[in-house]
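Good morning, and thank you for joining.

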Amino acid sequence: LVELALVLKFLSVADIGFSPNGLPWLLDRTSFLTGWIVIAAVTGLYLLNVFRMSHDTVIEGISAIRCCFAISFLCLAAYTSAGVFGSAAPTGVLWQQIAAFAPPTEPHHLLDFRVAAKKAADERRLLFLDFTGQNCVNCRLMENTVLSLPAVQAKLADMVQVQLYTDIVPGIRDPAVQNELLQMNRELQGEWFNDAGLPGYAVVGSDGKTVLTKFLGLDKSGGAEFLRFLDAGIQEAQKLQDAEAVAQNHNPERGAESRPKGKQQI
């Protein structure tokens with residue numbers, strides 16, 4: 001039964017891999033977790049001798065260890081049910097690990113670096129790059145824990161956010177466009193991180209070229225390290241902006257050229 005739970009995870013990966021748009025097709029998040037709920041509940045009942053297989057030997061009585069395992073599986077089924085069908089998902093570490101194994105939901109941010117870079121340049125905002133993957137458990141873990149923190153969300157709200165998938169780009173049916181984005185994302189990751197590990201994050205200037213700060217892997221500090229990473233990027237951007245202002249003050253002609261010309265007064 002435990003092997004069936006693992007098989008369900010591998011089926012989920014295959015479901016995403018063969019999907020025409022890179023999104024879960026047969027096993028979405030709810031159906032996947034429902035499958036785990038059923039398997040956990042059946043395992044608990046089996047350990048309590050509620051039913052037996054035809055090849056099983058008859059067991060008289062239930063040992064304390066067997067009873068503990070049975071209760072654990074039943075509690076896991078109930079706990080996961082609360083996370084899937086309850087009004088609010090649990091906030092504990094156990095639920096974060098369970099949710100990380102579930103298939104991802106549809107992306108909520110831009111997927112094309114070129115579009116995000118143009119938007120950042122037009123709006124004079126910083127870029128937040130999220131190198132991620134459809135089948136990346138650690139990516140889901142960061143999304144469900146660190147990236148969802150109110151303090152982190154407040155800082156990210158001022159940036160143009162883009163998710164750069166390096167395994168399967170979801171939501172795109174055109175294979176040529178999907179492969180183009182995938183290749184570009186992998187090249188960006190190799191150029192800026194020199195590492196293919198996921199997840200990876202970067203704060204980039206509004207020019208789309210200046211990497212201000214980088215963060216690779218999981219944040220095991222509960223969000224403190226990630227907040228320092230974001231603050232470092234914001235502070236570095238401010239330093240560059242101040243240096244540019246000083247340079248313009250020392251070169252009035254350059255500053256005058258960068259300002260729009262008004263109507264000539266007579």
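Throughout, helices (H or I, at least four residues) and strands (E, at least two) are DSSP runs, numbered from the N terminus. With that convention, Pro199 sits in the loop between helix 8 and strand 3, and I shall return to it. What you see is a predicted model, in which local features need pLDDT of at least 70 and side-chain atom pairs count only at pLDDT 80 or more, while totals for chains, interfaces and linings use all residues. Residues are numbered from 1 along each chain as its sequence is written, and side-chain values use heavy atoms, with hydrogens and water left out.

Let me start with the fold. The protein chain contains 10 helices and 4 strands, in the order α-α-α-α-α-β-α-α-β-α-β-β-α-α. Its radius of gyration, taken over C-alpha atoms, is 25 Å, well over the 18 Å that the globule rule (2.2 Å times the number of residues to the power 0.38) gives for 266 residues, so the chain is more spread out than a compact globule. Along the principal axes, the C-alpha trace spans about 105 × 40 × 35 Å. Of the 266 residues, 38% count as buried, where buried means under 20% relative accessible area, exposed over 50%, and partly exposed in between, with a 1.4 Å probe and protein chains only.

Now the interior. A nonpolar core here is a set of buried Ala, Val, Leu, Ile, Met, Phe, Trp, Tyr and Cys residues joined through side-chain atoms within 4.5 Å. The largest such core has 22 residues, and Phe113, Leu127, Leu129 and Trp192 have the most contacts inside it. Two or more residues come from each of helix 5 (113-123), strand 1 (127-132), strand 2 (160-165), helix 8 (175-193) and strand 3 (200-204). Helix 8 gives the most, with 6 residues. A second, separate core of 16 residues includes Val152, Tyr201, Leu212 and Ala237.

Which residues does Phe128 contact beyond its neighbours within four places in sequence? Contact means heavy atoms within 4.5 Å, and the partners of Phe128 include Leu147, Leu156, Tyr201, Phe226 and Phe229. Phe128 belongs to strand 1 and is buried, at a relative accessible area of 2%.

In helix 8 we find Gln178, a buried residue with a relative accessible area of 16%. Not counting residues up to four places away in sequence, Gln178 touches Asn21, Gly22, Ile168, Val169 and Ile172.

Helix 4 (residues 93-101) has Trp95, Ile98, Ala99 and Ala100 buried. The buried residues of helix 4 pack against helix 2 (29-47), helix 3 (64-85) and helix 6 (137-144).

Finally, the backbone. Most residues other than glycine have a negative phi, and most peptide bonds are trans. Against that background, the peptide bond from Leu198 to Pro199 is cis, with omega near -5 degrees. The loop between helix 8 and strand 3 also holds Asn194, whose phi is positive, at about 55 degrees, although Asn194 is not a glycine. Asn194 is exposed, with a relative accessible area of 69%. Asn49 likewise has a positive phi, near 65 degrees; this residue lies in the loop between helix 2 and helix 3 and counts as partly exposed, at 23% relative accessibility.
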